[in-house]
Amino acid sequence: GLFVTDYFTRTPRKLSPFRSFASIELFHFHIPEDTVIAVWNLITFKEQGGTFGDQCPDRSITVYFRSGAPSVINPLHTHFPRDTAVPGSFALTLTWTLPNRTTGVFNVTSPLPGDWFLAAHLPKDEGKISVKGLYEECQYLFQPQLIVQRLVNIAVLYPGHVTEQSMAPHNRSCLYKVFVPSYTSRVLVEVLQCRGAEGCPLWLRVRAKAPPLHNSTTLDCREHTPCQLAQDLPFWQHWYYVLVEKHPGVPGIISFQVTVQLTDCSRPSLARPPFLPSSASMNMPHSFGSAGGLALGDSPPPTSPNDTKHPVPVTSHARERCWPVRPTLRNELDTFSVHFYIFFGPNVSVPPDRPAVFVINLLPVLDSGGVLNLELRLNVSSLCGENVTVFGCLNHEVPLTSSDNTSVTCETESLAGFLLSVNATASLSRLRIPYPQTGSWYLSLRSLCATEHGFEPCTNVTAEVYLRAYLSPCINDCGIYGQCKLLRTNNYLYAACECKAGWNGWGCTDNAEAFSYGFQLLSTLLLCLSNVMFVPPVAIAVRSHYLLEAAVYIFTMFFSTFYHACDQPGIVVFCIMEYDVLQFCDFLGSLMSVWVTVIAMARLQPIVKQASVLYLLGAMLLSMALQMDRHGLWNLLGPSLFALGIMAVAWTARTIRRRHCYPPTWKRWAFYLCPGALIAAAAVLLYAFVETEENYFYIHSIWHLLIAGSVGFLLPPRAKPSRRLGPLPRRKGCGYQLCVNEQEELGLVDPAVASINSICTS
């Protein structure tokens with residue numbers, strides 16, 4: 001056949017260590033129909049500071065693949081919530097082959113068409129809290145590329161018609177496809193009139209949605225006469241691919257005929273068995289059982305001259321699986337918040353002689369990022385004392401209604417479903433499917449009575465079941481220890497839980513590493529009460545007549561206390577304002593405390609006539625920096641360095657003018673400035689290099705104690721006039737006098753040698 005190659009790529013993205021599904025990077029691809037091979041080229045490279053990160057450590061990268069919906073992954077091996085079904089996916093781990101780059105290849109032969117999702121992440125780290133901008137972090141970038149090769153002009157088989165085919169010696173196989181409409185209970189593929197070799201050396205393979213593989217349903221025509229391959233309960237509204245393959249080493253031309261027969265039981269006149277009541281007798285509209293696509297009673301499409309009419313037998317083995325399907329009404333409330341209402345529901349009657357079948361339609365792409373929830377509740381009073389069990393089978397793309405009334409399985413050779421059951425003892429059953437595949441989901445309900453020999457059909461007992469089906473963003477809204485986040489990758493939306501307080505799992509229900517209530521209370525009290533250390537600096541500032549500085553320290557103490565009371569991950573939380581307001585005020589108060597302390601140490605009042613201008617300027621600059629980037633290093637460190645620069649210039653000017661080191665006394669350096677500077681430096685080192693998520697509550701509490709303690713050492717004392725100075729003379733008359741006192745602060749200059757100049761001007 002003729003092959004066409006398509007190429008798809010995605011923008012590189014930075015990978016993060018795995019903490020929850022909210023920390024992964026998700027990539028969305030679409031594979032076209034008739035694809036015979038898909039090759040993913042997985043490119044990973046390191047970056048550090050805008051260049052290749054040759055010095056970055058090698059960290060393994062895990063990539064997950066799944067068709068139809070995102071992968072439900074569990075790399076930390078946590079527990080899933082109860083009644084949760086975990087769909088499977090394929091995982092691949094990439095190792096590094098070069099210092100800064102590695103490439104992996106993942107091939108899929110005959111992939112399923114439609115949406116494919118790739119999820120990638122780094123391994124879990126130790127949870128270190130790094131200061132943004134302190135150093136260049138190693139970044140691991142991941143870029144997937146997809147190359148698909150698909151066949152064009154595949155021959156289409158029409159049900160009930162025979163297609164002639166000759167296979168040349170250089171050809172090994174012939175590929176066909178046939179469309180299976182809704183309400184088809186059986187697909188029968190047959191090879192007829194095989195000529196050109198002894199014993200018909202052909203293999204017949206059939207597969208749904210994609211070309212057959214070596215492990216697909218196979219029949220050896222040499223060993224089976226007639227060569228017929230049947231597929232019961234086929235997927236509805238999909239293409240089925242038929243591959244006729246020649247045995248190796250067979251010479252010459254082989255000619256044969258291929259025909260496909262579809263059993264359609266949606267029309268009572270064609271396929272309804274005598275014991276099956278009509279749609280009207282079941283009090284349901286005929287539209288509930290209408291067929292889609294090409295039905296047997298429809299006019300066939302134009303055929304080629306080589307095609308001939310072939311009769312279609314209707315077997316009772318396939319017909320008995322056909323039942324009317326009741327639709328559901330879709331009610332969209334919000335993103336991933338959809339309720340499916342049943343007509344004449346939500347109470348459903350399950351008769352003893354036939355199943356009740358319902359369909360839930362999930363929209364492509366739009367609904368696969370949430371959780372499909374199903375709830376069955378049995379009305380025990382409707383059982384009339386009988387030991388009745390109602391079984392429900394939830395299957396994708398085709399309903400499973402077994403003819404064996406004693407069977408309680410929801411699986412066949414080609415189908416895998418989910419089983420629910422309710423009885424008088426356990427009257428409630430739930431099922432949750434995270435990231436469900438889109439399309440039609442069919443729920444088949446049937447009632448059986450338990451006996452000594454197992455389950456048997458009930459007689460004259462119609463069970464009543466309350467049925468609820470809905471789509472939600474997360475499982476139970478992630479509980480009290482999690483937050484349901486709505487995430488986006490390009491144009492695809494999905495939801496995931498982000499857990500806190502040590503809780504883990506898909507729904508934040510795994511408490512293996514959870515914080516106890518006492519631990520949460522202790523961490524909250526430590527972070528809040530450690531701010532009481534600001535009381536001594538406030539008292540020192542008030543005593544030294546630094547009223548503005550004292551007001552800033554009180555502001556910082558108040559908002560830091562209530563910010564940390566609101567910032568706790570567990571249930572010990574108390575918020576007096578919005579979280580963002582508390583965080584801004586806490587950050588602003590902390591930086592303003594540093595600013596006003598350094599400006600006070602500079603002693604600018606005799607130098608700058610209006611020193612309050614600097615306080616106002618600092619408040620405006622710090623507010624601007626916090627609004628730009630609240631966690632940026634240089635946006636916060638810049639104003640602090642600017643204040644230190646002002647202090648250094650003021651101290652240098654005094655040193656040059658007095659020709660003596662400022663402050664001049666060794667006691668001030670030894671007992672105040674050096675200890676205060678060392679305490680502040682220790683606090684900064686703890687904050688920048690030691691703090692992690694596990695030790696945050698006590699390391700950050702120590703940070704509070706050290707910063708408040710350093711302020712008490714660094715704040716200069718109040719300047720007092722010398723005892724040798726008498727009262728200043730006052731001039732009589734109108735006007736005012738301005739006195740400029742140049743005395744140094746108390747404890748820095750010996751009063752016996754200090755020269756005092758007082759200048760009074762009117």
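L525 is partly exposed, at 41% relative accessible area (buried means under 20%, exposed over 50%, partly exposed in between, with a 1.4 Å probe and protein chains only). L525 sits in helix α3, residues 517-529. The model is predicted: local features need pLDDT of at least 70, side-chain atom pairs count only at pLDDT 80 or more, and totals for chains, interfaces and linings use all residues. Residues are numbered from 1 along each chain as its sequence is written, and side-chain values use heavy atoms, with hydrogens and water left out.

**Overall chain**

- The chain holds ten helices and 36 strands; helices (H or I, at least four residues) and strands (E, at least two) are DSSP runs numbered from the N terminus.
- Of the 762 residues in the chain, 48% are buried.
- The accessible surface of the chain is about 37,800 Å², with 58% belonging to carbon and sulfur atoms (Shrake-Rupley method, 1.4 Å probe; for residues, only the protein chains shown count as cover).
- Among contacts between residues at least 6 apart in sequence, 77% join residues at least 24 apart; contact means heavy atoms within 4.5 Å.

**Annotated transmembrane regions**

- UniProt (unreviewed entry) places the feature "transmembrane region" at residues 514-534, 546-565, 571-595, 607-626, 632-653, 669-690 and 696-715; UniProt positions are given in the numbering used here, feature names are shortened, and annotations may be inferred rather than shown by experiment.
- Residues 669-690 are 100% helix and 0% strand, with end C-alpha atoms 28 Å apart.
- Residues 571-595 are 68% helix and 0% strand, with end C-alpha atoms 35 Å apart.
- L525 and F697 lie 172 residues apart in sequence, yet their C-alpha atoms are 9.4 Å apart.

**EGF-like span and a cavity**

- The unreviewed UniProt entry places "domain: EGF-like" at residues 497-508.
- Residues 497-508 are 0% helix and 25% strand, and the end C-alpha atoms lie 7 Å apart.
- The whole structure has seven cavities of 30 Å³ or more. On a 1 Å grid over the protein atoms alone, a cavity is a set of points where a 1.4 Å probe fits but cannot get out, and lining residues have an atom within 4 Å of a point.
- The second largest cavity has a volume of about 180 Å³, that is, the space filled by probe spheres set on grid points joined across faces, edges and corners.
- Its lining has 16 residues, and F18, S20, T78, G505 and W506 are the closest to the centre.
- By class, that lining has ten nonpolar, five polar and one charged residues (Ala, Val, Leu, Ile, Met, Phe, Trp, Tyr, Cys and Pro are nonpolar; Asp, Glu, Lys and Arg are charged; the others, Gly among them, are polar).

**A buried glycine**

- G392 lies in strand β27, residues 388-396.
- G392 counts as buried because its relative accessibility is 0%.
- Beyond its neighbours within four places in sequence, G392 contacts C410, F418, L419, L420, L443, S444 and L445.
- S421 is 29 residues from G392 along the chain, with 6.1 Å between the C-alpha atoms.

**Backbone exceptions**

- Most residues other than glycine have a negative phi, and most peptide bonds are trans.
- The T225 to P226 peptide bond is cis, with omega near 0 degrees.
- P226 falls in the loop between β16 (217-220) and β17 (227-232).
- D477, not a glycine, has a positive phi of about 55 degrees.
- D477 is in the loop between β32 (463-472) and β33 (482-489), and counts as exposed at 54% relative accessibility.
- C478 lies in the loop between β32 and β33, with a positive phi near 70 degrees.
- C478 is buried, at 0% relative accessible area.

Technical notes
On a 1 Å grid over the protein atoms alone, a cavity is a set of points where a 1.4 Å probe fits but cannot get out, and a pocket is an open set with protein on both sides within 12 Å along at least five of seven lines; lining residues have an atom within 4 Å of a point.
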